[in-house]
Amino acid sequence: MGKKQRKAARSEAVFYCEVCRQTSFRGWGHVYGLKHQERLGALLGRFLRKVEDAQRSLKAVQVEKYDIVEHEQNFWCYCCKREVKKHITNESVAVLYGGLLEHFVSSEHLKQTNKFWWENKADIKLKDKFILSNDAYEKFKTAVAKAVENYEEKEDEYIKQEAEYIREVERKRQEVVQAAFEVGFTWMSLNSIHGNCCILH
């Protein structure tokens, strides 16, 4: 089969478009159509908003106390066609969008993004927005280390303050108990004296 015949067979083959979620009998020519390009633009627009949320954390790393409901979320990567952890956690703290940024810097994501752009004939100018450079990720990792350290220092300070508060409450409780014992002892002593006086009469 010659080059022209292979090209003609490929363009007329049945093709399933994951962006449009439909089968096309026009083959690969479907990706050049207006309907496909509109759906691709809408999909990339939604995806880009999520990516931009993650990229904001490059400038301001956010570390929070781990919450299983909030921090075990996944993110669908349209390029790689799989779910990715949205945050990085160690079941004590969570680095917001850390999992997503880690995914965007991976070689597999780069490979799949190139494939997605090629297969869907997406606007090449947008592609770099969906990929993270190694330098940017290294800076992010450095910022994460500092942010985690600051978070742990704040947590340690909070724990110390709570421990001091508990000690103060316990001290006051002991004072109240001691005062109650003293009042009770005085009252018992008076009753005892009063009882002895009644016996003497």
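The model is a predicted one.

How many salt bridges does the structure hold? The count is 8. I will go through some of them.

The next one joins lysine 81 to glutamate 18, and the closest N and O atoms are 3.9 Å apart. Lysine 81 sits in the loop between β4 and β5, while glutamate 18 sits in the loop between β1, residues 15–17, and β2, residues 22–24, so this pair ties together parts that are 63 residues apart in sequence. Lysine 81 has a relative accessible area of 33%, so the label is partly exposed. Glutamate 18, with 45%, is also partly exposed.

Then there is glutamate 72 with lysine 85, where the closest N and O atoms are 2.6 Å apart. Glutamate 72 belongs to the loop between α3, residues 68–71, and β4, and lysine 85 belongs to strand β5, so the pair ties together parts that are 13 residues apart in sequence. Both ends are partly exposed: glutamate 72 at 28% and lysine 85 at 41%.

There is also a network of salt bridges, which links Glu168, Arg171 and Glu175.

Now the overall layout. The protein has 6 helices and 7 strands. Going along the sequence, the pattern reads α-β-β-α-β-α-β-β-β-β-α-α-α. The protein has 201 residues, and 29% of them count as buried.

On to the strands. In general, strands of a sheet pair through backbone hydrogen bonds, in a parallel or an antiparallel way. Here, an open sheet of 3 strands is arranged in the order β3-β7-β6, and the pairing is antiparallel. Which strands are at the edges? They are β3, residues 63–65, and β6, residues 88–89, each of which pairs on one side only. Between β6 and β7, the latter being residues 93–95, there are 2 bridges in the antiparallel sense. Across that pairing, isoleucine 88 is opposite valine 95 in β7.

Strands β4, residues 74–77, and β5, residues 82–85, also run antiparallel, and 4 bridges join them. Asparagine 74 is opposite lysine 85 in β5; that lysine is the partner of glutamate 72 in the salt bridge I described. The hairpin of β4 and β5 has 4 residues between the strands, and there lysine 81 takes a positive phi near 60 degrees. This is the lysine that forms the salt bridge with glutamate 18.

That brings me to backbone angles. Most residues other than glycine have a negative phi. Tyrosine 97 is not a glycine, yet its phi is positive, about 65 degrees. Tyrosine 97 is in the loop between β7 and α4, residues 98–104. Is tyrosine 97 buried or exposed? Buried, because its relative accessible area is 16% and the cut-off for buried is under 20%.

Lysine 121 also has a positive phi, about 55 degrees, without being a glycine. Its place is the loop between α5, residues 107–120, and α6. Lysine 121 has a relative accessible area of 24%, so it counts as partly exposed.

What forms the negative surface patch? Glu149, Glu152, Glu153, Asp156 and Glu157 form it. Of these residues, take glutamate 149, which is found in helix α6, residues 134–200. At 47% relative accessibility, glutamate 149 is partly exposed.

The other patch is nonpolar, covers about 320 Å², and is made by Tyr165, Ile166 and Val169. Isoleucine 166 is in helix α6, and its relative accessible area of 54% makes it exposed.

Methods
Residues numbered from 1 in each chain as written. Predicted model: local features only at pLDDT ≥ 70, side-chain atom pairs only at ≥ 80, totals over all residues. Heavy atoms only, no water. Pairing = 2+ DSSP bridges. Patch = residues over 30% accessible without salt bridge, like charges linked within 9 Å, V, L, I, M, F, W, Y side chains within 5 Å. Areas by Shrake-Rupley, 256 points an atom, 1.4 Å probe, with all protein chains shown as cover. Salt bridge = Lys/Arg side-chain N within 4 Å of Asp/Glu carboxyl O. Lys, Arg positive; Asp, Glu negative; His and termini not counted. Charge placed at Lys NZ, Arg CZ, Asp CG, Glu CD. Buried < 20%, exposed > 50% of the residue type's maximum accessible area, 1.4 Å probe, protein only.
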